[in-house]
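Trainee: I would like to go through this structure with you, one site at a time. Could we begin once it is on the screen?

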Amino acid sequence: MISVFGSANMDLVAYVAKAPGLGETVTGRAFRTVPGGKGANQAVAAARAGGRVVFVGAVGEDAFGPELRGALAGAGVDVTHLRTVPGPSGIAHIVVEDSGANSIIVVPGANGTLTGPGEAGAAAIAAAGALLVQLELPMEAVIAAARCADTPVILTPAPAVPLPAELLDAVDLIVPNEHEATAITGHDDPRRALCALLERVPEAVVTLGARGVLYGGRETTPGGPLHVPAFPVTAVDTTAAGDTFVGALAVARAEGGEPAAALRFASAAAALSVQREGATTSMPHRAAIDAFLA
Ligand code: ADP
């Protein structure tokens, strides 16, 4: 079982030729509501990749709450520990211009009320074989969750914020993209960033988009980092590539794969996802990942 402690947001996406300036009103071309949030996305990615997944988090008492819960349950994720709390659910208000440029306002809502996983959530995390966390919840809540897991804790440090030692002390594997790796370590060069990360956590993966990933482990790669290239595919939408990668990586590691094989499995899942539009809509099922690798 893989536990995920993280955010569930409803993405409210408006498509428009040009985003309005302050005080301006424009007419958009389309609007969609799409269940998202990094936590929920990683949970769906892991479930699709073949994992048994339990999600710990919160939604609000508004109409989005049941929709977010239903989307996770529909993907096969256990939502027993997804609490409903007073007030609104988390939302991301997204404006996408025809150029592809976007601007986003996240209002944490229910996610922002969490101070920890709660007693039952903590028990579910302790009983699982791995914990995935990201940083779209209050830091104190993420630290509390990471501390109750004896099993491997995998941190996606997004959005990039300063990382307290209390958190990193409880993390086994950190998976930033290269921008996050630079923000955390101050190094532009991914190899240097990886080395700096390994001074703080036992294992690290820096994802490099179409250039693949760099992996290092204090014990697993004594000879220096391992580069796993991305699969050469034609990307149409890289939204949630990183979340797809992490969800699939957690599944492969839980199944006991060697680091190189687990990274290859996760890269295949991400390569499949970038060939389709959307976040959870693009995440591949296990059969598709296995077929791609065969
Ligand atoms: P994020 O989505 O967090 O910014 P990246 O862009 O680094 O993360 O992508 C995560 C992983 O997804 C990459 O390491 C790679 O394996 C895969 N990926 C991303 N973009 C592509 C691409 N254009 N072609 C193939 N694989 C890709």
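Trainee: Is D243 buried or exposed?

Mentor: D243 counts as buried because its relative accessibility is 4%; buried means under 20% relative accessible area, exposed over 50%, and partly exposed in between, using a 1.4 Å probe and protein chains only. Please note that this is a predicted model, in which local features need pLDDT of at least 70 and side-chain atom pairs count only at pLDDT 80 or more, while totals for chains, interfaces and linings use all residues. Residues are numbered from 1 along each chain as its sequence is written, and side-chain values use heavy atoms, with hydrogens and water left out.

Trainee: Where is D243 placed?

Mentor: D243 is in helix α8; helices (H or I, at least four residues) and strands (E, at least two) are DSSP runs, numbered from the N terminus.

Trainee: And what does D243 touch?

Mentor: Not counting residues up to four places away in sequence, D243 touches K38, N41, Q42, A45 and M283, where contact means heavy atoms within 4.5 Å. With Q42, the side chain of D243 also makes a polar contact of 3.1 Å. A polar contact is a pair of N or O atoms within 3.5 Å; within protein, one must be able to donate a hydrogen and the other to accept it, and residues adjacent in sequence count only if both atoms are side-chain atoms.

Trainee: What does UniProt list for D243?

Mentor: An unreviewed UniProt entry lists D243 under "active site". Such annotations may be inferred rather than shown by experiment, feature names are shortened, and positions follow the numbering used here.

Trainee: On to the ligand, then. Which residues come nearest?

Mentor: N177, T207, G209, G212 and G242 come nearest, of the 16 residues around the ligand; a residue is near a molecule or strand if one of its heavy atoms lies within 4 Å of it.

Trainee: Which N or O atoms lie by an oxygen atom of the ligand?

Mentor: In the side chain of T207, an N or O atom is 2.8 Å from an oxygen atom of the ligand. For the side chain of N177 the corresponding distance is 3.0 Å. G212 has a backbone N or O atom 3.0 Å from a ligand oxygen. The protein buries 84% of the 560 Å² that the ligand exposes when taken alone, areas that come from the Shrake-Rupley method with a 1.4 Å probe; for residues, only the protein chains shown count as cover.

Trainee: Which elements give two or more residues to that shell?

Mentor: Those elements are α8 and α9 (259-273).

Trainee: Let us turn to the backbone. What is the phi of A240?

Mentor: Phi of A240 is near 65°, a positive value in a residue other than glycine. Most residues other than glycine have a negative phi, and most peptide bonds are trans. A240 sits in the loop between β13 (226-228) and α8 (241-254), and counts as buried because its relative accessibility is 14%.

Trainee: Which peptide bond is cis?

Mentor: The bond from A158 to P159 is cis, with omega near -5°. P159 belongs to the loop between β9 (153-155) and α5 (165-168).

Trainee: Last topic: where is T151?

Mentor: T151 is in the loop between α4 (139-147) and β9. Its side chain reaches the backbone oxygen of A128 at 3.5 Å.
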